[in-house]
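This report concerns a helix pair, a pocket and several individual residues. Please consult the sequence and the structure shown here.

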Amino acid sequence: MNKLEFDPLLDDLNTRVLVCCGSGGVGKTTTAAALALRAAERGRRVVVLTIDPARRLAQSLGLRELDNHPREVVVDGFEPKGELFAMMLDMRRTFDDMVLTHAGRDRADQILSNPFYQTISSSFSGTQEYMAMEKLGQLVAQDEWDLIIVDTPPSRSALDFLDAPQRLSTVLDGRFIRMLSAPARASGRGLLKIVGTGFSLFTRAVSTIVGGQLLQDASTFVQAFDSMFGGFRERAQRTYELLRSPGTGFVVVAAAEPDALREASYFVERLSAENMPLCGLVANRTHPVLAAELPAAKALAAADDLDRSGDAPLAAAVLRLHADRVAVADREKRLLARFTRAHPGVAMVGVPALPADVHDLDGLREMGRRLAGE
């Protein structure tokens, strides 16, 4: 198994973007924050972007809250060689800022006040993932940090982060949306008066299903949005190319569980197919056996003997606990070995589970040490 070495990666000034990804609940946010903290303490000027709405990152960094703009971490006792900034994606605010920047004041006001826009900017499938990409592009363009670490959205699939720009562009450039913009190209005639019986029947049917007002709001939104749509797609493409550049690295985070490793395997294959740079896999919250080498079977046999004698119930309980731990460790080893056989070129580091949840800088620092293999 190739060893994933984080310290050389964090120290390399050519490393500009690290993207932590994986299925939900495997520790992406903690991994991203721990890497950012370690990089700052080793001299980098770092910003970490989290998508986690639970605000765990702010709490662990000693901050009351995070918002849509980078905030420097200034906490008593924290004196890194570099600098550390943190932020939490505000999906709606990011979308609003994008409209204000690229649509012009009058058209932006028209878009921002549109009910259809207000719906898609906060709940449309793929919007959060796209806005994470948009914010990453903004951070890179600002050129204020020499390392950006991204915690990807807690979506159904880790692949959503890569698919979001293309999916959202496809939807907004799709046939239905193009039809909604037809009134602007039909000499001002109303949506339901466009020439053609077939289209009239179609729009009446859709109006019945989604409501005439919503359909009209959608049409008005698309007409206003149409002028900035080219830039929308261009920025999505630029960010996608950024993710494929040599200065970017993907860190896949997984628990040593079948579903998480299956998702990680799929993502590794997708990254390879897209020619995107993979740093390696973090096998998080593993349970290595650190005590003396005592097989589970012998531990259980000794516990049975002690139970029969009744002399040392506490020792018997400890032996059974050890046997359970060995069984868990063996299971995790088998699962990780299966992953390694399928992906022999992927570097990996196992991160033993911490005794408690990470809730402060000391916890992040310890997580960073474990990621570095210390």
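## Helix pair, pocket and selected residues

The crossing of α13 and α15 is right-handed, meaning that the near helix is turned clockwise from the far one by less than a right angle. This is a predicted model, in which local features need pLDDT of at least 70 and side-chain atom pairs count only at pLDDT 80 or more, while totals for chains, interfaces and linings use all residues. Residues are numbered from 1 along each chain as its sequence is written, and side-chain values use heavy atoms, with hydrogens and water left out.

Helices (DSSP runs of H or I, at least four residues) and strands (runs of E, at least two) are numbered from the N terminus. The axes of α13 and α15 (residues 313-342) come within 11 Å and cross at roughly 15°; such axes are lines fitted to C-alpha atoms, for helices over the stretch in contact, with angles from 0 to 180 degrees between N-to-C directions. The two helices, α13 and α15, are therefore roughly parallel to each other (an angle under 35 degrees).

The second largest pocket holds about 270 Å³ of space. A pocket is an open set of points on a 1 Å grid over the protein atoms alone, where a 1.4 Å probe fits and protein lies on both sides within 12 Å along at least five of seven lines; lining residues have an atom within 4 Å of a point. Grid points are joined across faces, edges and corners, and the volume is the space filled by probe spheres set on them. The lining of this pocket comprises 13 residues, with E134, G137, Q138, A141 and R235 nearest its centre. Helices α4 (91-103), α7 (127-142) and α12 (229-243) each supply at least two lining residues, and the largest share, 5 residues, comes from α7.

| Residue | Relative accessible area | Class |
|---|---|---|
| N275 | 54% | exposed |
| R285 | 39% | partly exposed |
| V251 | 0% | buried |

N275, which is not a glycine, has a positive phi of about 60° and sits in the loop between α13 (258-273) and β7 (278-286). R285, in strand β7, is another residue other than glycine with a positive phi, near 60°. V251 belongs to strand β6 (residues 248-255); its C-alpha is 6.9 Å from that of L18, although V251 and L18 are 233 residues apart in sequence.

Conventions
Buried < 20%, exposed > 50% of the residue type's maximum accessible area, 1.4 Å probe, protein only. Parallel < 35°, antiparallel > 145°, perpendicular 65-115°, else oblique.
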